[in-house]
Amino acid sequence: MNVEQFLYHEARLLDTGQLEAWLELFTDDATYWVPLEENQKDPLETSSIIHDDRTLLELRVKQARHPRAHARLPLARTVHQVGNIQILEKDAEVHVNSTLQLVEFRAEKQRVWGALVEHRLRRVGEGKAGSFRIAHKRVDLVNSEGELDGIAILF
């Protein structure tokens with residue numbers, strides 16, 4: 001699987017509600033970061049919208065599935081459109097920049113999100129069966145400093 005196919009696969013898992021399979025795309029030491037500020041350099045020195053390690057990401061997925069998670073009900077339906085994929089480096093980790101347009105429909109309301117996304121991918125396996133795992137994902141929302149009205153989706 002090449003880099004583009006991997007990113008499309010990740011988006012499809014989210015859009016079809018396969019959150020556990022999506023979680024399996026992440027390495028054990030992965031980070032998932034949605035900065036609060038434009039050009040934010042460090043997730044620890046400034047507040048973030050989301051800054052999860054693998055354990056917190058697992059908890060986020062479990063909460064989405066919990067029957068008493070009323071803030072998330074009904075579950076959102078989404079369409080992730082990944083584009084402008086640029087592969088920056090190929091070494092132990094592949095650095096990939098892309099854009100994301102996401103349409104979310106939940107509770108009779110539709111929202112559109114836009115973001116610049118950065119993935120750091122690690123290769124697993126070899127040949128045609130080889131693929132990647134996400135070591136780091138950063139999602140810079142274009143409206144991160146605006147009123148977000150609660151985020152109940154994964155980017």
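Analyst: Start with a term. A cavity is a set of grid points where a 1.4 Å probe fits but cannot get out. Note also that this is a predicted model.

User: How many cavities of 30 Å³ or more does a search of the whole structure find?

Analyst: First the general idea. Rolling a probe the size of a water molecule over the atoms shows where empty space is left. Here the search returns 1 cavity of 30 Å³ or more. The volume of the largest cavity is about 90 Å³.

User: Where is confidence lowest and where is it highest in the protein chain?

Analyst: The general rule comes first. Where pLDDT is low, the predicted coordinates should not be read in detail. In this chain the mean pLDDT is 90, and 94% of residues reach 70 or more. Confidence is lowest in helix H3 (residues 54–65), with a mean of 90. Strand E1 (residues 26–35) is highest, at 97.

User: Which residues touch the most other members of the largest nonpolar core?

Analyst: A nonpolar core joins buried nonpolar residues through side-chain atoms within 4.5 Å. The largest core here holds 35 residues, and Trp22, Phe26, Tyr32, Leu121 and Phe155 touch the most other members. Two or more residues come from each of H1, helix H2 (19–23), E1, H3, E4, E5 and strand E6 (131–141). H1 gives the most to this core, with 6 residues.

User: What does leucine 121 touch, beyond four places in sequence?

Analyst: Leucine 121 touches Val3, Phe6, Ala92, Glu93, Val94, Val96, Phe132, Arg133 and Ile134.

User: And leucine 141: buried or exposed?

Analyst: Leucine 141 is buried, at 5% relative accessible area. Leucine 141 lies in strand E6. Leaving out neighbours within four places, leucine 141 contacts Val34, Ile49, Trp113, Gly114, Ala115, Ile151 and Phe155.

User: Which loop holds threonine 46, and what does this residue contact outside four places in sequence?

Analyst: Threonine 46 is in the loop between E1 and strand E2 (48–53). With 27% relative accessibility, threonine 46 counts as partly exposed. Its contacts beyond four places are Glu37 and Gln40.

User: How should I read the phi angles? What is phi of alanine 107 near?

Analyst: Most residues other than glycine have a negative phi, and most peptide bonds are trans. Alanine 107 has a positive phi, near 50°. Glutamate 108 also has a positive phi, near 60°. Alanine 107 lies in the loop between E4 and E5, and glutamate 108 lies in the loop between E4 and E5 too.

User: Is glutamate 108 buried or exposed?

Analyst: Glutamate 108 counts as exposed, at 73% relative accessibility. Alanine 107, at 49%, counts as partly exposed. The cut-off explains the label: exposed means over 50%.

How values were computed: Residues are numbered from 1 along each chain as its sequence is written. This is a predicted model: local features need pLDDT of at least 70, side-chain atom pairs count only at pLDDT 80 or more; totals for chains, interfaces and linings use all residues. Side-chain values use heavy atoms; hydrogens and water are left out. On a 1 Å grid over the protein atoms alone, a cavity is a set of points where a 1.4 Å probe fits but cannot get out, and a pocket is an open set with protein on both sides within 12 Å along at least five of seven lines; lining residues have an atom within 4 Å of a point. Grid points are joined across faces, edges and corners, and a volume is the space filled by probe spheres set on the points. pLDDT is the predictor's confidence in each residue, from 0 to 100. Helices (H or I, at least four residues) and strands (E, at least two) are DSSP runs, numbered from the N terminus. Buried means under 20% relative accessible area, exposed over 50%, partly exposed in between (1.4 Å probe, protein chains only). Contact means heavy atoms within 4.5 Å.
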